[in-house]
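Please look over the model below before reading on. The notes after it are arranged by topic.

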Amino acid sequence: MIETFNSLMMGFSVAFQPQVLMYAFFGCIIGTLVGMMPGLGPLAGISLLLPATFGLNPIVAIVLLAGVYYGAMYGGSTTSILMRIPGEAASVMTCVDGYAMTQQGRAGPALAIAAIGSFFAGTVGVVGLMLLAPTLADFALRFGPPEYTALLLMGLFVLAYMSGGSMLKTLAMAVLGLLLGMIGIDAMSGYTRFSFDITELGDGVGIVPVAVGLFGISEILLTAGQPEPPKVQQPTLRQLIPSREDFRYSAGPIMRGSLLGFMIGIIPGSAHIISSFVSYGIERRLSPHPERFGKGAIEGVAGPESANNAAATGAFVPMLALGIPTSPVTAVMIAAIMVHGILPGPMLIQQQPDLFWGFVASMYVGNVVLLVLNLPMVGLFVNLLRIPYAYLYPCILAFCILGCYSVSNSMIDVWIMLGMGGVGYVLRKFGFDLAPVALGLVLGPMLELSLRQSLAMSGGSYGIFLERPIAVVMLALGLLLLALALKPVLFKGRDWRSKVGLDDQAG
Amino acid sequence: MKSDQVSGLMLFALAVCVWWLNRAFPVGSLSDPGPGYVPLLLAIAFGGIGLLIAAFGGRSEPLLAIRWPEAGRAAVILIACAVATLALERIGYRLSIMVFLVFFLGVVERKKPLVVALVAAGFSLASFYVISDLLRVPLPRGPWGF
């Protein structure tokens, strides 16, 4: 414990460097603005900013991108509460009761509770990250190729189980992502696969063009031609102060949402989205007055907002400790770290303690920055929402082209982005969730390498996965969840998704 | 036809394409899997899942019930982006993005010419300055150095 405390103090000495503080501040501001803009969620924002981090030192780069991430989580809630427009997917549940509160003239308390809940959850998440990541990293040093294969497979099964919509569609999208990950030079044999004689594809398909295309471009294609946004309320500072009753109703949901969100954040999938849905379902079930939900219950804002922010922090645990992304956002952040020659994984905390602890400490700082900065400035930020969408979307498109091109100065990346935008548009029309594609793309090469190494180790026997206790436990857990996910498909029953309203959303 | 039946069959067709392309790579043996081994496994899984989606798709909404009211505008957006992409390395970032924005704001959205000119010129010049000059990320310049 003392060692952790000393390391954290070392981290604060890094985080309080003026340059790091400044970038944390900028990251939070940019993230808040990005989160508020429909069509630009945290993933697209981070992807577009990625090239600008190449010239920065790795600590500053990751602090900036993390600031964008949790800033965007906060920004998304502002548009949800004031305009019923979820700036990013995790804020969908906040729309329900947040906007109802706005219609009742209580936008201020809703925004304040969302900010306080996000702050509390972010802090709980960082404490969890600080305590759990080093332990998990030590444990992961025992992992060989079979354990990694089992872990990645378990991640995909968990993703299927936790998905918002159809389990089969989620699995299909994950496999599509894995197939995209097969494009390029095979690391073990040197064969160039599925490149169609395009030299640039030898390096594989990058996560940035795929992510920007699937999430940014497809969103713009879907919302093209929409009417002008509605009038925006601009609460004053005095109106932001919640009443004692608001605090009383919100305390429990904030604490439950924080713990739940962190735990869901560690496992793969669109954790922050799922966590907000699950939190809303739980709060509605626990409430003595469930009929208030949907009509402006502040618990419906406090729980989901806390959960999605805690999940955003929880996702950093496997990213830093195992080098495995559990969401598209952490996949892009891994790419950002790797550009600087640093490999996230079990050795990161030992080899780069200043990066790990500086990052952890900067998240404490970032949470305070978000709370102190955003509440008084919410009136200023909502002015962004007054820009007509007709002006906004061409500029977002230009940013997408610019961001994808500048990652590796490659026109192929821009073409991939446009192609993925079109594919994403059609897939969303058919009700497919796109997050597993981005996740599969990153996990694909890892899964292939560890599977082939495992088979080579065992002389071609799949029994190796049953001879290693850690691999057996992970595979058993994954298969159990897969079986549970298959149950409603085969027996036409109701599972947990329909109980918390996820099916409605997926549809 | 129901929407899930169509999408499931489309995924199956894509899996067949992957399998066809993957024939060019050696699959190897179980003890020494080749570069075609994992793609083959994935193609089989993809095709299987596609067929399952189609098989269980009877309760999904009819294909014709999916509305595409924004499809025309979406096609225009994609074509304009493609043209801008083609122009990027030929006439440079600033000019191609300026023309791109003039097209969207002036032709598609029919905004006032002065506003269109200000937004298009302001955005392309300011973003070039921030990204290229301040953040030192190289952006393409046209034959006239612009």
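The points below cover the interface, the two chains and a few single residues.

This is a predicted model: local features need pLDDT of at least 70, side-chain atom pairs count only at pLDDT 80 or more, and totals for chains, interfaces and linings use all residues. Residues are numbered from 1 along each chain as its sequence is written, chains are lettered from A and ligands numbered from 1 in the order in which they are written, and side-chain values use heavy atoms, with hydrogens and water left out.

**Interface of chain A and chain B**

- Chain A and chain B bury about 5,500 Å² between them, and 80% of that area is on carbon and sulfur atoms. Buried area is the accessible area (1.4 Å probe) that two parts lose on being put together, summed over both.
- Phe194(A), Tyr391(A) and Phe430(A) supply 12% of the area that chain A buries against chain B, more than any other three residues.
- The contact draws on 59 residues from chain A and 63 residues from chain B. Contact means heavy atoms within 4.5 Å.
- Nine residue pairs are in polar contact between chain A and chain B, both residues at pLDDT 80 or more. A polar contact is a pair of N or O atoms within 3.5 Å; within protein, one must be able to donate a hydrogen and the other to accept it, and residues adjacent in sequence count only if both atoms are side-chain atoms.
- H17(A) gives the most to the side of chain A that touches chain B, with 12 residues.
- That side of chain A divides into 44 nonpolar, eight polar and seven charged residues. Ala, Val, Leu, Ile, Met, Phe, Trp, Tyr, Cys and Pro count as nonpolar, Asp, Glu, Lys and Arg as charged, and the others, Gly among them, as polar.
- The rule finds two salt bridges across the interface. A salt bridge is a side-chain nitrogen of Lys or Arg within 4 Å of a carboxyl oxygen of Asp or Glu.
- Glu70(B) forms a salt bridge with Lys429(A), with the closest N and O atoms 3.0 Å apart.

**Chain A overall**

- Chain A has 23 helices and two strands. Helices (H or I, at least four residues) and strands (E, at least two) are DSSP runs, numbered from the N terminus.
- Of the 507 residues in chain A, 65% are buried. Buried means under 20% relative accessible area, exposed over 50%, and partly exposed in between (1.4 Å probe, protein chains only).
- Among contacts in chain A with a separation of 6 or more, 79% join residues 24 or more positions apart.

**Buried residues of chain A**

- Glu305(A) lies in helix H12 (residues 299–314). Glu305(A) counts as buried because its relative accessibility is 0%.
- Beyond four places in sequence, Glu305(A) touches residues including Met73(A), Ser77(A) and Thr94(A).
- Leu8(A) lies in helix H1 (residues 2–15) and is buried, at 9% relative accessible area.
- Beyond four places in sequence, the residues that Leu8(A) touches include Met130(A), Trp357(A) and Tyr364(A).

**Positive phi**

- Phe196(A) is not a glycine, yet has a positive phi of about 50°. Phe196(A) sits in the loop between S2 and H9 and is exposed, at 58% relative accessible area.
- Arg110(B) has a positive phi near 55°. The loop between helix H4 (93–108) and helix H5 (113–134) of chain B holds Arg110(B), which is exposed at 69% relative accessible area.
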